[in-house]
Amino acid sequence: NVAQVMIACVAVIGKSNNPLFIRSFNSQTEELKFHYIVHSSLDVIEEKVKERVSPDSYLGLLYPTEDFKVYGYITNTNIKFVIVVDEFSEIKDSEIKQFFEKLHSAYVMMMSNPFYNVDDVINAKKFELETAKLVALSSN
């Protein structure tokens, strides 16, 4: 019995809404579809940020699609994290928030590298491996 991967896609979006990192963990869906879903979430993130009353980084469910649910998180430096979760997953809101916090920590560790510029596309292998590990852990 193969574990169902609940998180289908992880994305990191820069301050200017430029994609810095988008990785698909769902082989059944075209990667381009995830680019579209992530891009579509940016307006929702903007609205949620305007409306929010608490300084919480976790933005919660942004919107559902036919096959997925899209969640958002924004750092205090306006870097956005988006995860696309399988529609039928049993993942809890608290687990999603915890995933974002761990992803944020991995991002901060990568940013600590003095050779990395904030708006560069993320191609650090360590960040990619850490993201894949977080996705695998969330599927158990």
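Predicted model: local features only at pLDDT ≥ 70, side-chain atom pairs only at ≥ 80, totals over all residues.
Asn26 is found between strand S2, which covers residues 19–24, and helix H1, which covers residues 31–51. Although Asn26 belongs to a loop, its relative accessible area is 15%. This residue therefore counts as buried, because the cut-off for that class is under 20%.

One goes to the backbone nitrogen of Gln28, at 2.7 Å. Another involves the backbone nitrogen of Thr29, which lies 3.1 Å from a polar atom of the Asn26 side chain. When neighbours within four places in sequence are set aside, Asn26 is in contact with Ala8, Phe34 and Phe68.

Across the whole structure, a search finds seven aromatic pairs. One of them joins Tyr107 and Phe127 in an edge-to-face arrangement, with 6.4 Å from centre to centre and 75° between the planes. Tyr107 is part of helix H2 (residues 93–111) and Phe127 is part of helix H3 (residues 125–138), so the pair ties together parts that lie 20 residues apart in sequence. Both Tyr107 and Phe127 are buried.

This pair also belongs to a wider grouping. Tyr107 and Phe127 form one aromatic cluster together with Phe21, Tyr58, Tyr73, Phe81 and Phe100.

Notes:
Residues numbered from 1 in each chain as written. Heavy atoms only, no water. Helix = DSSP H or I, 4+ residues; strand = E, 2+ residues; numbered from the N terminus. Buried < 20%, exposed > 50% of the residue type's maximum accessible area, 1.4 Å probe, protein only. Polar contact = N/O pair within 3.5 Å; in protein donor to acceptor, adjacent residues only side chain to side chain. Contact = heavy atoms within 4.5 Å. Phe/Tyr/Trp six-rings, centres within 6.5 Å; stacked < 30°, edge-to-face > 60°.
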